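Dear colleague,

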Amino acid sequence: MGSGAVADGACVQWGYGCRGLACVTGWESRFLSSGLHHARRDQGCGYCTFNGLVLAAQVALAAGAGDVLILDLDAHCGGGTHALIAENPHIWHVDVSVDPFDSYQPSERTTLDIVADAADYLPTIAQRLRDAQARSFGLCIYNAGVDPHEDCPEGALAGITDQHLHEREQLVFDWCRDRSLPVAFVIAGGYVKPPRMDEAKLVELHRLTLTAAARLA
Ligand SMILES: [Zn+2]
């Protein structure tokens, strides 16, 4: 990749950061890109070139948002995010995964669950959100990966269906709405490999996130 392409990519990610900033005074914001949570400070990782989640959180903090919660429900662990927020006491990280890729040792401000049974998936997310209620946040940045779906060629936990992801998105956006907590989200992990997961099916899954978010508008 040439330096121009790198610069363009950085601009896109900074654009996402600005979306997060706009969200501070709004209600819900979205950016239809993905590939963010594995990137480190000095290198990309796992299809992620820059960590737009942390960039957005830092922009929001600079604008006076108050503490920021990064909620990561992509199938894979957000090790890049964990590394980048280690020194920032105002960014918190709730990470519920189904695949150990990019796992890490959680810290005081980070929780990491790697769910192995589909029956535990939604209850684990619900419990982590209940736990997070103990703190006051000014912004939630949501990494809405759909790769926990059982038909996804990467990530995929057997038994995670469309209905699970539908209920997950309702849970997340209702939780934000009930707390008047502004939320910015990105679509994330979702991979095409016909016939189990073709493009139309993947779009259908991402629409679950958009539809749940639109109810807040
Ligand atoms: Zn993923």
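Predicted model: local features only at pLDDT ≥ 70, side-chain atom pairs only at ≥ 80, totals over all residues.

Of the 217 residues in the protein, 46% are buried. Among the contacts between residues at least 6 apart in sequence, 67% join residues that are at least 24 apart.

The strand to look at is β2, which covers residues 68–72. Because 5 of its 5 residues are buried, β2 is largely enclosed by the rest of the structure. Val68, Ile70 and Asp72 point one way from β2, while Leu69 and Leu71 point the other way, and all are buried. β2 pairs with strand β3 (residues 91–97) in the parallel sense, over 5 bridges, and the bridge partner of Val68 in β3 is Ile91.

The helices to look at are α5 (residues 162–178) and α6 (residues 199–214), whose axes come within 9 Å and cross at roughly 25°. Because angles under 35 degrees count as roughly parallel, α5 is roughly parallel to α6. The crossing in which α5 passes α6 is right-handed. On the α5 side the contact is made by Asp162, Leu165, His166, Glu169, Gln170 and Phe173, and on the α6 side by Leu205, Leu208, Thr209, Ala212 and Ala213. Sorted by class, this contact of α5 with α6 has 6 nonpolar, 3 polar and 2 charged residues.

With kind regards

Terms used. Residues numbered from 1 in each chain as written. Axes fitted to C-alpha atoms, helices over the stretch in contact; angles between N-to-C directions. Helix = DSSP H or I, 4+ residues; strand = E, 2+ residues; numbered from the N terminus. Parallel < 35°, antiparallel > 145°, perpendicular 65-115°, else oblique. Left-handed = near helix turned anticlockwise from the far one by under 90°. Contact = placed C-beta atoms within 7 Å. Nonpolar A, V, L, I, M, F, W, Y, C, P; charged D, E, K, R; others polar. Buried ≥ 20, exposed ≤ 12 C-beta atoms within 10 Å, placed from the backbone. Pairing = 2+ DSSP bridges.
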